[in-house]
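Trainee: I'd like to learn how to read charged side-chain pairs in a model. Could you walk me through them?

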Amino acid sequence: MPCIQIKTNLEIKAPQEQDIKSQLGHAISLIPGKSEQWLMITLEPGRTIYFQGEKEFPAAFVDVSVYGSSTREAYRALTRAITDILQAELGIQASRIYVKYT
């Protein structure tokens, strides 16, 4: 079961939450053999996040847990999809999103 945990210093409105959930559900299929059917997502808005010594600018920490292994290209594609989703939905620049794989 893959799990995507997102912590951000922004508030997330209900429509944004649904859009993020839906888009991540599609994006997880970039990892071969993974699908939304078994995907767990946690969203933690309003967190204190310091990045580059500042906490006033939008930022996010994303922890992706995937059981098994995949290719480097698949992980890069998922990272790109996650940063695109968070930039489009929350306005967080890709350079202020940290994605960690476990």
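**Reading the salt bridges**

Mentor: Happy to. This is a predicted model, and it holds three salt bridges. The general idea is that side chains of opposite charge can pair when their charged atoms come close.

Trainee: Which residue does lysine 21 pair with?

Mentor: Its partner is glutamate 36, and the closest N and O atoms are 3.9 Å apart. Lysine 21 belongs to helix H1 (residues 14-27), while glutamate 36 sits in the loop between H1 and strand E2 (40-44), so this contact ties together parts that are 15 residues apart in sequence. Lysine 21 is partly exposed at 33% relative accessible area, and glutamate 36 is partly exposed at 35%.

Trainee: What does glutamate 44 form a salt bridge with?

Mentor: With arginine 47, where the closest N and O atoms lie 3.5 Å apart. Glutamate 44 has a relative accessible area of 22%, which makes it partly exposed; arginine 47 is partly exposed too, at 41%.

Trainee: And where do aspartate 63 and lysine 100 lie?

Mentor: Aspartate 63 is in strand E3 (residues 60-65) and lysine 100 in strand E4 (residues 97-101), so their pairing ties together parts that are 37 residues apart in sequence. The closest N and O atoms of this salt bridge are 3.8 Å apart.

Trainee: Is aspartate 63 buried or exposed?

Mentor: Buried: its relative accessibility is 13%, and the cut-off for buried is under 20%.

Note on methods. Residues numbered from 1 in each chain as written. Predicted model: local features only at pLDDT ≥ 70, side-chain atom pairs only at ≥ 80, totals over all residues. Heavy atoms only, no water. Salt bridge = Lys/Arg side-chain N within 4 Å of Asp/Glu carboxyl O. Helix = DSSP H or I, 4+ residues; strand = E, 2+ residues; numbered from the N terminus. Buried < 20%, exposed > 50% of the residue type's maximum accessible area, 1.4 Å probe, protein only.
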